[in-house]
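Have the model open while you read.

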Amino acid sequence: MLVGGGVALAGGLGDGDDDTASAETVTVPDAVLPDLGDATPVLASLDSAAPAPDPDALAAALAPLLRAPGLGSGVSAEVVDVETGEVLLDQDADSPAVPASTAKLLTAAAALTALDPAQTLATTVVAGSAPGEVVLVGGGDPTLSRTSPSQTYPGAPTVADLAAQVVAALPGTTVTRVVVDSSLFTGPLTAQGWGPADAPSSYAAPVTATAVDGARVSSRSQARSGQPGIDAGVALADALGAPGATVVLGEAPEGAEKLAEVRSAPIARLVEQALSMSDNVLAEALARQVALSRDLPASFEGAGEAVVGALADAGVDTSGVTLADGSGLSRLDQVPAGVLTEIVAGAADGSLQGASALLSGLPVAGYDGTLFDRGDADTAPGVVRAKTGTLLGVHALSGTAVTADGRLLAFAVIADESGSEASAEAALDGVAAALAACGCS
């Protein structure tokens, strides 16, 4: 853009044959910028002097909404004042319920408290046991990208970077065989409580330590793959200019020379991405990192035990919690609503140390993530931030809401005997909107 003043363009406007052509002056008018007015905040701010809601008034406002037909009869809920920790509403909040994807809040909190939020996950390539053979060793980072930059995970490492390092380490070598080592993760590739159509699907895949693009069949696809490890090996072969190379599953030779390494975005960023997009594959990978940090098997069983143990060590009351996976896709998961609010409130008030990325990863109603198209149109932007949860007959919502008075509340609603998705989500959104509209003091 040329802004203001006259700009002299000499000689460049002719046919290039006349070296004696005189310079011409072209006047560019001054740019006129539009009047943008005052900026409107995207996220609601807090008022330190805001009054706390009266529990009776809050209960009166929410009671009919929690009885909405779309939520069914199995509704548990809790609302907590973050500033004081006071429970403002308790409806069977201690009763275990199927949490669906709100279980990712547990995985996120465990990852942020048990691991260093700045930690990154390595994917390496080592020399194989024969000339022309390389081994892709998965470190549990499913965000490794076929494209540069990643189409799905900002800040993700790329296969191209790995390949460039391999070429530099093996000048003149033609790669004919790629072995994919996913031995970091153990046990079944799918969890108990997953349905037969859950993996592969558009939202889940077999859980392996090596994958590309979140185990998607291609970088721009929503469909997930049934063979994430093989796909990663094929992607490396292609990037090495060896599309005809044999790709097999196996293990790296002991003491093999490292040829290349790339590292993921920090754990805190991975947590944000897993929550915002409700990414089951990424959530399962994070849960397994928690298991590894506690010297437990990096399996579904080990991850579930590790997440619960890490939360207990962080001071969370895990009574009634049972986890068969790290994503909430399993119908065997059980989490009381009160545990969800304790985690959200702890991240908000700082008592759950290091867990602030949990809040920044929550979808903003009407703005981004899994809530981009949900929320009350009359609700101010940013006042509701919450993790969604959806399974057949199970709908949940847990996060924070800023009241009309400027008070920050943590809330959770689980309806595990709910009706249609549309009616249940509308009812949950109504509860969140009522909290945001509450002047219940």
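Let's begin with an open sheet of five strands, ordered β4-β3-β14-β13-β12 and paired in antiparallel fashion. At its edges sit β4 (87-91) and β12 (384-391), each pairing on one side only. On average, and ignoring direction, neighbouring strands here are turned by 5° against each other. Strands of a sheet pair through backbone hydrogen bonds, either parallel or antiparallel.

A word on how this was worked out. This is a predicted model, in which local features need pLDDT of at least 70 and side-chain atom pairs count only at pLDDT 80 or more, while totals for chains, interfaces and linings use all residues. Residues are numbered from 1 along each chain as its sequence is written, and side-chain values use heavy atoms, with hydrogens and water left out.

As for the terms, helices (H or I, at least four residues) and strands (E, at least two) are DSSP runs numbered from the N terminus. Two strands pair if DSSP finds at least two bridges between them.

Inside the sheet, antiparallel strands β13 and β14 are joined by eight bridges.

| Element | Residues |
|---|---|
| Strand β13 | residues 394-402 |
| Strand β14 | residues 408-415 |
| Helix α1 | residues 55-66 |
| Helix α8 | residues 337-349 |

Helix α1 lies across β3 (75-81), β4 and β14, and runs at about 35° to β4. Axes are lines fitted to C-alpha atoms, for helices over the stretch in contact, and angles run from 0 to 180 degrees between N-to-C directions.

Now for helix α8, which contains Thr 341. Why is Thr 341 classed as buried? Because its relative accessibility is 1%, and buried means under 20% relative accessible area (exposed is over 50%, partly exposed in between; 1.4 Å probe, protein chains only). Leaving aside neighbours within four places in sequence, Thr 341 is in contact (heavy atoms within 4.5 Å) with Glu 78, Val 80, Ala 410, Phe 411 and Ala 412.

The structure also holds one disulfide (a pair of cysteine sulfur atoms within 2.5 Å). That disulfide joins Cys 438 to Cys 440, with an S to S distance of 1.5 Å. Both Cys 438 and Cys 440 are buried.

Zooming out, the chain has ten helices and 14 strands. Of its 441 residues, 51% are buried. Among contacts between residues at least 6 apart in sequence, 67% join residues at least 24 apart.
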